Amino acid sequence: MIFYFTGTGNSLYAAKQLDQELISIPQAMHREEQTYRAVIIGIVCPVYGHEMPAMVKEFLRKAKFQTNYLYLILTYGNIHGGAAELAQKELRSAGKNADYINTLKMADNYLPAFDMEEQTASEPGKKIEEHLGRIREDIEAGKKWIQPASKADRAWHQKHLERQAAVPSDQWRHIYDVTEECIGCGICTRVCPAGCIHLEKGRAVHTMENCQMCMACIHHCPQNAIRLTIPEKNPAARFHNSHIRLTEIVKANDQSGWEAHR
Ligand SMILES: Cc1cc2nc3c(=O)[nH]c(=O)nc-3n(C[C@H](O)[C@H](O)[C@H](O)COP(=O)(O)O)c2cc1C
Ligand code: SF4
Ligand code: SF4
């Protein structure tokens, strides 16, 4: 049994290589019963600012796992910043303990810092399949290991927290802009794991409340009609994991079926 959260498909791709029983966290969040039983339970998600997405943290606080082996795989693109150590800390504060936490370097979908053309081209050099193979062997062997954070990792994270604190909170409230290019196709509303986008008069409207910053809406828009209001490295380039279909992202994230329950 493996739980996953994904914006652009990297984490879903990794999850699919590790288990066959896949459960989307944005869908599982709606379940009343949150006790899960399996011999092995895994969680796969991206790191955002070296940490797990807010929704994954919330899920980990809600869920009860009855298992012999709990593992986490954190996908990232450039610097994990001691993500495994931070995730174990988070798990412990939720009254849980992972047996194994590892990171997996994939394409970096963070638009302010990276050009998606370069990121796509960088994938072969990251030896994703080899790393996934080693992770699979570790899990099959029941290895107990939490990837240690180095001094440099901790320093990166500290620097990141200081930079975040210096950003005016206002900036995040207006971070997404829907341009005239929008044709009202609704794809962004269906790939959003948090139900933050709706259509008004045939055009997408974004609300920041509960936004996970996963950037799925931006990357999957066929018109490239959603932009960041802060500079992007290459506003013309977008990314999605080439092994994952748009329908899989929609199945994982679509919140429209839950509207009646809100
Ligand atoms: C808001 C945001 C923050 C991110 N922060 C980091 C980070 O701190 N370090 C890193 O290496 N990659 C970071 N990334 C890149 C993602 O972790 C990486 O591309 C991940 O594999 C995406 O997974 P997904 O395709 O399943 O959504 C960030 C991406 C986003 C959107
Ligand atoms: S995916 Fe793009 S074009 Fe489609 S509704 Fe959203 S913003 Fe508009
Ligand atoms: S609005 Fe966009 S960035 Fe925010 S959670 Fe939804 S898809 Fe992700």
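**Helices, domains and ligands in a predicted model**

Helix α1 (residues 10-18) packs against helix α6 (residues 128-140) at an angle of about 45 degrees, and their axes lie 10 Å apart. The chain is assigned two stretches, domain 1 (2-163) and domain 2 (169-257).

**The α1 and α6 pair**

- Two packed helices are described by the angle between their axes and the distance between the axes.
- The crossing of α1 past α6 is right-handed.
- From α1, the contact uses A14, Q17 and L18.
- From α6, the contact uses L132, R136 and I139.
- By class, the residues of this contact of α1 with α6 are four nonpolar, one polar and one charged.

- Domain 1 covers 2-163, and domain 2 covers 169-257.
- The C-alpha centres of domain 1 and domain 2 are 22 Å apart.
- Domain 1 puts 25 residues into the contact, and domain 2 puts in 27 residues.
- On the side of domain 1 that touches domain 2, α1, α3 (54-62) and α5 (116-122) each supply at least two residues.
- Helix α5 gives the most to that side of domain 1, with four residues.
- The side of domain 1 that touches domain 2 has 14 nonpolar, nine polar and two charged residues.

**Around ligand 1**

- There are 27 residues around ligand 1.
- The nearest of them are G7, N10, S11, P46 and Y76.
- Helix α1 and strand β6 (69-76) each supply at least two residues of this shell.
- By class, the shell of ligand 1 holds 11 nonpolar, 15 polar and one charged.

**Around ligand 2**

- Ligand 2 has 13 residues around it.
- C182, C185, C188, A204 and C221 come nearest to ligand 2.
- The shell of ligand 2 has 10 nonpolar residues, three polar and no charged.

**Around ligand 3**

- Ligand 3 is surrounded by 15 residues.
- The closest to ligand 3 are C192, C196, C211, C214 and C217.
- The shell of ligand 3 has 12 nonpolar residues, three polar and no charged.

**To recap**

- Helix α1 takes part in the packing with α6, supplies residues to the side of domain 1 that touches domain 2, and supplies residues to the shell around ligand 1.
- The shell around ligand 1 includes one charged residue, whereas the shell around ligand 2 has no charged residues and the shell around ligand 3 has no charged residues.

Note on methods: Residues are numbered from 1 along each chain as its sequence is written. Chains are lettered from A and ligands numbered from 1 in the order in which they are written. This is a predicted model: local features need pLDDT of at least 70, side-chain atom pairs count only at pLDDT 80 or more; totals for chains, interfaces and linings use all residues. A residue is near a molecule or strand if its C-beta atom, placed from the backbone, lies within 6 Å of it. Ala, Val, Leu, Ile, Met, Phe, Trp, Tyr, Cys and Pro count as nonpolar, Asp, Glu, Lys and Arg as charged, and the others, Gly among them, as polar. Axes are lines fitted to C-alpha atoms, for helices over the stretch in contact, and angles run from 0 to 180 degrees between N-to-C directions. A crossing is left-handed if the near helix is turned anticlockwise from the far one by less than a right angle, and right-handed if clockwise. Two residues are in contact if their C-beta atoms, placed from the backbone, lie within 7 Å. Domain bounds come from an automatic or database domain assignment.
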